[in-house]
Amino acid sequence: MSRLLIVTALVLLSANAFAVPGLDAMTVNQTPDGGQTYTLSIQILLFMTALSLLPGALMMTTSFARILIVLAILRQALGTQNTPSNQILVGLTLFLTIFIMKPVFTEVNQVALQPYLEDAIGAEQALQAASNPVRGFMLAQTREDDLALFARIADYGEIEAPEDVPFSLLLPAFATSELKTGFQIGFLLFIPFLVIDIVVASILMSMGMMMLSPLIISLPFKIMLFVLIDGWSLVFGTLASSFYF
């Protein structure tokens, strides 16, 4: 799903490719009393460490962050508190991310994974080939202003071509752009529900019902409006079309 995920998958498929010659993943030693002790190599330790970084890589190098931000703001705008629950939001975000990233995954499989499994290319070549589609996706979503910002902070100098952008600059610029876009879409979704809250609050004040919370009255109307306009389809369609390839 991301560059780190691809790296980890290739490591899993070819652990021996990165192992030091003669160094087994697990060694068995005999003890004086006839027992045995087992020792894992540093290779397994590094692999498990990489696995622990996969959630962060998934969120920060794919469409995951933008989608989750928009869905969280939408839930806040509806005023439904914990409905849908966090687990449902994360699940929806995950499967929508898989749908959006499918072209990238397909290209990675064709140019990197399958040739590597067929021993047509080495591990380093496979990593390089797999990183290109992911970089292309990230560059397409990243604003030039954000890239220029981090290039100026890092004193990197002028970037002449997209392929010259190092991953150390691309990652924070991509994350910043995703945050901006997510909040922009969330703001547009918030406006109609805010209007309903204002109208309901004004009506209650004009009737002298100041002790009654406007949220109790506006919630059914907001849910009804969202259902009538087929809101979930509109939101998911907008999110999917907001990404460029």
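A crossing is right-handed if the near helix is turned clockwise from the far one by less than a right angle, and left-handed if anticlockwise. The model discussed here is predicted.

**H5 against H6**

H5 passes H6 in a right-handed crossing. Helix H5 contributes Phe64, Ile67, Leu68, Leu71, Ala72 and Arg75 to the contact. From H6 come Asn86, Leu89, Val90, Leu92, Thr93, Leu94, Leu96, Thr97 and Ile100. Sorted by class, this contact of H5 with H6 holds 11 nonpolar, 3 polar and 1 charged residues.

Two packed helices are described by the angle between their axes and the distance between the axes. Both values are tabulated here for two helix pairs.

| Helix pair | Crossing angle | Axis distance |
|---|---|---|
| H5 and H6 | roughly 140 degrees | within 9 Å |
| H5 and H12 | about 155 degrees | 11 Å |

How are H5 and H6 oriented to each other? Angles over 145 degrees count as roughly antiparallel. The H5 and H6 axes cross at roughly 140 degrees, and these helices are therefore oblique to each other.

**H5 against H12**

H5 and H12 pack at about 155 degrees, so they are roughly antiparallel to each other. Their crossing is right-handed. On the H5 side, Ile67, Val70, Leu71 and Leu74 make the contact. On the H12 side, Trp232, Val235, Phe236 and Leu239 do. By class, the contact of H5 with H12 has 8 nonpolar, no polar and no charged residues.

**Leucine 74**

Leucine 74 lies in helix H5. Is leucine 74 buried or exposed? Its relative accessibility is 0%, so leucine 74 counts as buried. Beyond its neighbours within four places in sequence, leucine 74 is in contact with Leu189, Phe193, Phe226, Trp232 and Val235. Leucine 74 and leucine 189 are 115 residues apart along the chain, yet their C-alpha atoms are separated by 6.6 Å.

**The nonpolar core**

How many residues does the largest nonpolar core have? The count is 31 residues. Those with the most contacts inside this core are Ile67, Phe137, Val235 and Leu239. Helices that each supply at least two residues of the core include H5 (64-78), H6 (86-100), H10 (167-206) and H12 (231-241).

Leucine 239 shows some of the partners. Setting aside neighbours within four places in sequence, leucine 239 is in contact with Ile67, Val70, Leu96, Ile100 and Ile185.

How values were computed
Residues numbered from 1 in each chain as written. Predicted model: local features only at pLDDT ≥ 70, side-chain atom pairs only at ≥ 80, totals over all residues. Heavy atoms only, no water. Core = buried A, V, L, I, M, F, W, Y, C linked by side-chain atoms within 4.5 Å. Buried < 20%, exposed > 50% of the residue type's maximum accessible area, 1.4 Å probe, protein only. Helix = DSSP H or I, 4+ residues; strand = E, 2+ residues; numbered from the N terminus. Contact = heavy atoms within 4.5 Å. Axes fitted to C-alpha atoms, helices over the stretch in contact; angles between N-to-C directions. Parallel < 35°, antiparallel > 145°, perpendicular 65-115°, else oblique. Nonpolar A, V, L, I, M, F, W, Y, C, P; charged D, E, K, R; others polar.
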